[in-house]
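Subject: A structure for you to look at

Hello,

Here is the structure I promised to pass on. Have a look through it first, and then read on for what turned up.

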Amino acid sequence: MSALSASIIAACARALAGPSVRWVNVRPATRQRVYFANHTSHLDFVVLWSVLPRKLRALTRPVAAKDYWSSGLRKRIAVNAFNAVLVERGGKTSEGDRIAAARNTMDMLLEALGTENSLIVFPEGTRGNGLEVGPFKSGIYYLWSKRPDVQFVPVYLSNLNRILPKGEFLPVPVISRVVFGPPLKLEKTEAKESFLGKAHAAVCALREA
Amino acid sequence: MNFKIDHQMFLILSGVIGGLVVASLVGFALSRRVKSEERKAAIDNLNARIRAWWVMIGIFSISFIIGPAGSMLLFGFISLLALREYVSLISTTRADHRTLFWSFFVFTPLQYWFWYEGWYGLAIIFIPVYAFLFVPIRLALAGETTGFLDRAARIQWGLMVCVYCISYAPALLTLEIPNYHRQNAKLLLFLVIVVQLSDVFQYIWGKLMGKRKIAPAISPHKTWEGFVGGIVTAVALGTSLWWMTPFSPLQALLMSLAIALMGFAGGLTMSAIKRDRGVKDFGSTIEGHGGILDRMDSICFSAPLFFHLTRWIFVSPHPSWFH
């Protein structure tokens, strides 16, 4: 049931967002990857997931915010259809709580990756205005330092904020674009700042591609 | 509504399919003969266009077989896709969101529903008057004043061209023409054939002998040779199809001329928008052709004129000097 409903939702998402898809210097592959993209709309992971080839979709798990995706129908869509990993975000007051939450999230992501899955993450952590790509949170760096064998593939999503902007619930069918870029090339000893800088630049570079 | 598939319709559809078979064979022969890379790209594009024509004619024929509701639904859907390409290309802001939602999911279906119900009076003023007024009202309620008139005009323009003007094509099915009962589908077919032949022959004549550019800043491929050759060919073929229409041969000639000229004007105008936005095509939905709106631009402009001319001759009450 979940595979079917996911296919139906993917077809609806493609019909609504009419995405044109480009793979620039990278090919779809079943090897383990972390797709990281700019974030402007709740539709982001649905559309990104729906443009992957069918074989890859079964292996790819989106990472989504628990506060939005854990009620009623949304939860059923996210968890049953997409096998999403729901994580806590922000809002913690004390330093200790924050560290504990981050550790918990990292454990969930590593478990979700396992030995054959890929992930879809949005390292900005929150939806931007669609004009600039905000600074990346450091979670993606810690994920890489635990699993440097996984390819980190940048993705740029355009126009999804125009389909379903922040705070709206009715969509408008604007044509969107999904551009996949070449996996990050990293040194074994890449420092956090340098990693985040490269990752951010890789996503921005696809804007004009 | 007036609809029937008769032997004339079979004849003309066979003619269209025959023409397409010839085009496919020529395309295939050309692809075997060319050697140079540059030529090859041009022939590949030609063959992609011909393949897309098969698909378009297939879809069009199916909607015809379904009946008037099929044609209304098909053109309504085309309007939605055209409006989507238009809206995607122009810049809109967050504050336009709800107005755009109304345009797509309320005004477009209503416009086609009015035609389907045969409410001529409402169908011809709904978008030019009521949607025209609604758009700025809704934008004002959204409370964002930056670029207000600009934003309102863009949405109004999109609704007029992509929804209102295109809806005149299936509206031909609603005309009550004496001695032409239940045959209006052929009138719609006549419009589509003449417009598309004009486009195709302007392309072919332009490729073969195009030299003097008409408006190089707007459309580098539109030449006087292509324009004249395309219009003359389309008018000649359109006139030769007078038997499928309620027109006399002379009327069919003048109608074809009006359709072809407006079609050309439509292509040129829509190209100006594309150049302003810095793109070649509105989309990539139809292989080799670009987007839906790239194929429909000439229909947008010719359908309203063709509808009103036909209605004026055959349907309207005329002033005494007309007879």
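To begin with a term: a residue is called buried if 20 or more other C-beta atoms lie within 10 Å of its own, exposed if 12 or fewer do, and partly exposed in between, with C-beta atoms placed from the backbone. By that count Gln196(B) is partly exposed, because 19 C-beta neighbours fall inside 10 Å.

Please keep in mind that this is a predicted model, in which local features need pLDDT of at least 70 and side-chain atom pairs count only at pLDDT 80 or more, while totals for chains, interfaces and linings use all residues. Residues are numbered from 1 along each chain as its sequence is written, and chains are lettered from A and ligands numbered from 1 in the order in which they are written.

Let me start with chain A. For 209 residues a compact globule would come out near 17 Å, and chain A agrees with its 16 Å. Of those 209 residues, 39% are buried.

Two residues are in contact if their C-beta atoms, placed from the backbone, lie within 7 Å. Among contacts in chain A with a separation of 6 or more, 73% are between residues 24 or more positions apart.

One helix pair in chain A is worth a visit. Helix 7 (residues 139-146) of chain A and helix 9 (residues 192-205) of chain A pack at about 110°, and their axes are 9 Å apart. Axes here are lines fitted to C-alpha atoms, for helices over the stretch in contact, and angles run from 0 to 180 degrees between N-to-C directions. Helix 7 of chain A is therefore roughly perpendicular to helix 9 of chain A (65 to 115 degrees; under 35 is roughly parallel, over 145 roughly antiparallel and the rest oblique). Helix 7 of chain A brings Ile140(A), Tyr141(A) and Trp144(A) to the contact, and helix 9 of chain A brings Lys192(A), Phe195(A), Leu196(A) and Ala199(A).

Chain B is built from 10 helices and 0 strands. Its radius of gyration is 20 Å, close to the 20 Å from the globule rule for 323 residues, so chain B is as compact as a globular protein of that length. Its C-alpha atoms fill a box of roughly 60 × 50 × 40 Å along the principal axes, and 38% of its 323 residues count as buried.

In chain B, helix 8 (residues 224-239) and helix 9 (residues 249-277) pack at about 145° with their axes 8 Å apart. The residues in that contact include Phe227(B) and Ala234(B) of helix 8 of chain B, and Leu253(B) and Phe264(B) of helix 9 of chain B. Ala234(B) also leads back to Gln196(B): their C-alpha atoms are separated by 8.6 Å, although the two are 38 residues apart along the chain. Gln196(B) itself sits in helix 7 (residues 185-209) of chain B.

Finally, where the chains meet, 11 residues of chain A and 12 residues of chain B take part in the contact.

Enjoy exploring!

Note on methods:
Helix = DSSP H or I, 4+ residues; strand = E, 2+ residues; numbered from the N terminus. Rg over C-alpha atoms; globule rule 2.2 N^0.38 Å.
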